[in-house]
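Here is a short tour of a fold, meant to be read with the viewer open. Please turn the model around as you go.

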Amino acid sequence: LPDSLAGKMLASPNPSGKLNSDVIRPWVNASDLTSRPNGMWVIDFGVNMPLEKAALYEAPFEYVKALVKPIRDQVRRKGHREKWWLFGETRPGMRASLAPLYRYIVTPRVAKHRLFVWLGREVIPDGRLYTFARADDYFLGMLQSHLHEVWALATSSRHGDGSEGGRPTYNNTTCFETFPFPWPPGSEPASDPRVEAIAQAAREIVEQRDAWLNPPDASEAELKKRTLTNLYNERPGWLDLAHRKLDEAVLDAYDWPHDLSDEEILGRLLALNLERATRQEG
């Protein structure tokens with residue numbers, strides 16, 4: 001739904017007294033992250049809302065009934081035909097993981113630059129985004145670090161041909177689940193100054209990126225140029241220094257030198273990955 005239609009639906013009353021904001025939520029795809037926000041919304045009746053309850057949200061329900069049901073009536077999957085008002089894939093596991101959080105991390109499946117961005121808990125992510133059920137700055141810092149980028153580039157596939165062999169495609173099983181964090185995810189020592197150093201560096205990157213993306217009093221034409229893709233294409237000095245601070249904090253967490261080449265970083269990460277795998281098997 002575009003902003004204009006969503007606004008009308010949000011303002012539309014229901015005989016039950018229920019608010020349509022219960023089921024109309026912001027929707028974000030990869031383009032919203034790498035370019036500018038498109039201001040799109042989606043009607044979401046959750047994982048298993050009964051038909052009778054969904055119908056109490058009159059305008060959203062009638063919209064889905066008119067546009068979605070005719071399509072769902074023709075699909076092969078019985079569950080999709082019978083529960084036409086629900087998403088085809090409701091992702092109950094993801095929803096349960098994100099429910100306690102006020103924000104979460106996403107990254108595009110395919111992108112020129114490996115970017116990790118915060119989304120608020122109210123936002124529905126597109127299926128082409130990978131989501132991470134963490135709300136802490138440390139974890140975003142680890143993912144946004146050059147060390148994780150080196151690992152992800154080495155373990156990712158490529159999308160399309162192109163002059164450089166296609167764009168890297170992030171994959172949770174090869175790029176994320178195999179990445180050897182300094183501490184197993186969820187067991188980071190919160191009081192360790194190395195954890196806080198990574199978190200602080202990550203906060204600074206996010207704050208500086210956001211300030212660059214949305215400067216006060218910028219014209220619409222200027223804002224169109226201010227995208228994360230353009231920012232990382234240009235990589236101004238302040239951004240490079242902010243990432244250097246983050247990378248040095250991450251290297252400190254591994255107790256590794258700051259002057260490692262990409263080949264040395266990858267070699268050390270691979271050795272650590274194999275060491276931990278061997279330890280688990282033993």
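Helix 1 (residues 3-11) lies across strand 1 and strand 2, and runs at about 45 degrees to strand 2. Axes here are lines fitted to C-alpha atoms, for helices over the stretch in contact, with angles running from 0 to 180 degrees between N-to-C directions. Helices (H or I, at least four residues) and strands (E, at least two) are DSSP runs, numbered from the N terminus.

This is a predicted model, in which local features need pLDDT of at least 70 and side-chain atom pairs count only at pLDDT 80 or more, while totals for chains, interfaces and linings use all residues. Residues are numbered from 1 along each chain as its sequence is written, and side-chain values use heavy atoms, leaving out hydrogens and water.

- Three strands make an open sheet in the order 2-1-5, with mixed pairing; two strands pair if DSSP finds at least two bridges between them.
- At the edges sit strand 2 (40-43) and strand 5 (124-125), each pairing on one side only.
- Strand 1 (residues 24-28) and strand 5 run parallel and are joined by two bridges, and Trp27 stands opposite Ile124 of strand 5.
- Elsewhere, strand 3 (residues 103-108) pairs with strand 4 in the antiparallel sense over four bridges; Val106 has Val117 of strand 4 as its bridge partner.
- In a regular strand the side chains alternate between the two faces of the sheet.
- In strand 4 (residues 117-120), Val117 and Leu119 point one way, Trp118 and Gly120 point the other way, and all are buried (buried means under 20% relative accessible area, exposed over 50%, and partly exposed in between, with a 1.4 Å probe and protein chains only).

**Helix packing**

- Two packed helices are described by the angle between their axes and the distance between the axes.
- The axes of helix 8 (residues 137-144) and helix 11 (residues 193-213) come within 7 Å and cross at roughly 75 degrees.

**Nonpolar cores**

- The largest nonpolar core has 58 residues, and Phe132, Leu143, Tyr170 and Tyr254 have the most contacts inside it; such a core is a set of buried Ala, Val, Leu, Ile, Met, Phe, Trp, Tyr and Cys residues joined through side-chain atoms within 4.5 Å.
- Helix 11 gives the largest share of this core, nine residues.
- Apart from it lies another core, of 15 residues, with Phe45, Met49, Tyr57 and Phe61 among them.
- Beyond its neighbours within four places in sequence, Leu143 is in contact with Ile105, Phe116, Phe132, His148, Tyr170, Phe176 and Phe181.

**Positive phi in loops**

- Asp217, in the loop between helix 11 and helix 12 (220-225), has phi near 65 degrees, a positive value in a residue other than glycine.
- Asp217 counts as exposed because its relative accessibility is 82%.
- Arg235, in the loop between helix 13 (228-234) and helix 14 (237-254), has phi near 40 degrees, again positive in a residue other than glycine.
- With 34% relative accessibility, Arg235 counts as partly exposed.

How values were computed: Contact means heavy atoms within 4.5 Å.
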